[in-house]
Amino acid sequence: MIIFGWAVFLVSRSLGQGLLLTLEEHIARFLGTRGATATMGNSCICRDDSGAEDSVDTQQQQADNSAVPTADMRSQPRDPVRPPRRGRGPHEPRRKKQNVDGLVLDTLAVIRTLVDNDQEPPYSMITLHEMAETDEGWLDVVQSLIRVIPLEDPLGPAVITLLLDECPLPTKDALQKLTEILNLNGEVACQDSGHPAKHRNTSAVLGCLAEKLAGPASISLLSPGILEYLLQCLKLQSHPTVMLFALIALEKFAQTSENKLTISESSISDRLVTLESWADDPDYLKRQVGFCAQWSLDNLFLKEGRQLTYEKVDLNSIKAMLNSNDVSEYLKISPHGLEARCDASSFESVRCTFCVDAGVWYYEVTVVTSGVMQIGWATRDSKFLNHEGYGIGDDEYSCAYDGCRQLIWYNARSKPHQHPCWKEGIHSSSS
């Protein structure tokens, strides 16, 4: 039996960009984008994947059977988000400090070509990693990420996540110095409103650090000024991309229980109630903000008296949805099971509640972000291992289409295709 499979890579923790599939469907973990959001078309064959979804029917149980092949097909599973780490040899001198901005932009330019674990990381990434081994170098790299990553590149947030994940953990002194340099507060969030890239990148950095340093260091990082800054970025006058990444950063901070309480006491739910009305907005950036706001209200920052979305959604007309019983752990699923998004840096995957074993079938997907995703088909033997980089297209039991990096995946090998890169709002089909 062949089942629709959807792999989400987010290497942005922010490519941080999400993917929303509408079924009328990634989430791709390649480079932290904003989280990816995509939407499945009406003729979709997929399993239901909703974290807040309801019970599975018989077809869902059939789909459930599809998920665990062999893992020894390759010595190292492909990790779409991060290239292999390369250390300096004992006799290899430290590279001289170079123009950090140039190295960051060079990394952004080459990042979409890094698809296999046996590829050597680009010189720019190796050099940035070495620079970040000192507090001064780490601060230079972080400030450069905020300063030069352009707003329009869909892989920008992914590169922020990738580089910060690959760099050594910052020391307490380095974090303290960073907060002093940034000096964030509500007033700063209102400055340079005509240049949203700086604020988007700042929120992406904060979200990445909050997740990377979950615990006491994350509590220390969420100062009153930074909390005020992120809340101010949620105001309606902010650019939707800034709002999206500020909300994702607050979600990441809320992974630490003390931070969650602090954020909840800020009356954030009142702001989110306004933003969740964007969940069906024709503007795809606003739609992502609405999706995340609704998910947060249902799962993190509950508002007293508000009915949870999954309790009131009508599923009577839905014949197939993303399978909440056949999904990896960090994928966000809409209450109706037709949309999904990933704001983690791991390789998240999901299947559908409908499977086929004869005839010719296709399903359609509306892509809500232009981030990295692999969307395709899988049998019940296909393996999903998010932390090891296994998903759709990474074994002999599945194949996938990647419209961001323009690749077709089968058995962990990629082949380029000539279709134009996908953009927000386009429709894609898989047959």
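Modeller: Two strands count as a pair if DSSP finds at least two bridges between them. The model discussed here is a predicted one.

Colleague: In which sense do E10 and E11 pair, parallel or antiparallel?

Modeller: E10 covers residues 398–402, while E11 takes in residues 407–410. Four bridges link E10 and E11, and their sense is antiparallel.

Colleague: Which residue in E11 is the bridge partner of aspartate 402?

Modeller: E10 and E11 make a hairpin, with four residues lying between the two strands. Within this pairing, aspartate 402 has its bridge partner in E11, and that partner is leucine 407.

Colleague: Which residue in E10 does glycine 376 stand opposite?

Modeller: E10 also pairs with strand E9, residues 373–379, in the antiparallel sense and over four bridges. Across from glycine 376, the residue in E10 is alanine 400.

Colleague: How many of the five residues of E10 are buried?

Modeller: A residue is called buried when its relative accessible area is under 20%. By that cut-off, strand E10 is mostly covered, and the number of its five residues that are buried is four.

Colleague: What is the relative accessible area of glutamine 406?

Modeller: Glutamine 406 sits in the loop between E10 and E11, and its phi is positive, near 60°, although the residue is not a glycine. Most residues other than glycine have a negative phi. Glutamine 406 is partly exposed, and its relative accessible area is 25%.

Colleague: Between which two helices does the loop with serine 267 lie?

Modeller: Serine 267 is another residue that is not a glycine and yet has a positive phi, of about 65°. Serine 267 is partly exposed, with a relative accessible area of 38%. The loop that holds serine 267 runs between helix H12 (257–264) and helix H13 (268–275).

Colleague: How are H8 and H11 oriented to each other, roughly parallel or roughly perpendicular?

Modeller: The axes of helix H8, residues 196–212, and helix H11, residues 240–253, come within 8 Å and cross at roughly 15°. Angles under 35 degrees count as roughly parallel. The orientation of H8 and H11 to each other is therefore roughly parallel.

Colleague: How many residues of the contact of H8 with H11 are nonpolar?

Modeller: The crossing of H8 and H11 is left-handed. Residues of H8 including Leu206 and Ala210 meet residues of H11, among them Phe245 and Ala249. The contact of H8 with H11 has four polar and three charged residues, and the number of nonpolar ones is nine.

Key: Residues numbered from 1 in each chain as written. Predicted model: local features only at pLDDT ≥ 70, side-chain atom pairs only at ≥ 80, totals over all residues. Heavy atoms only, no water. Axes fitted to C-alpha atoms, helices over the stretch in contact; angles between N-to-C directions. Parallel < 35°, antiparallel > 145°, perpendicular 65-115°, else oblique. Left-handed = near helix turned anticlockwise from the far one by under 90°. Contact = heavy atoms within 4.5 Å. Nonpolar A, V, L, I, M, F, W, Y, C, P; charged D, E, K, R; others polar. Buried < 20%, exposed > 50% of the residue type's maximum accessible area, 1.4 Å probe, protein only.
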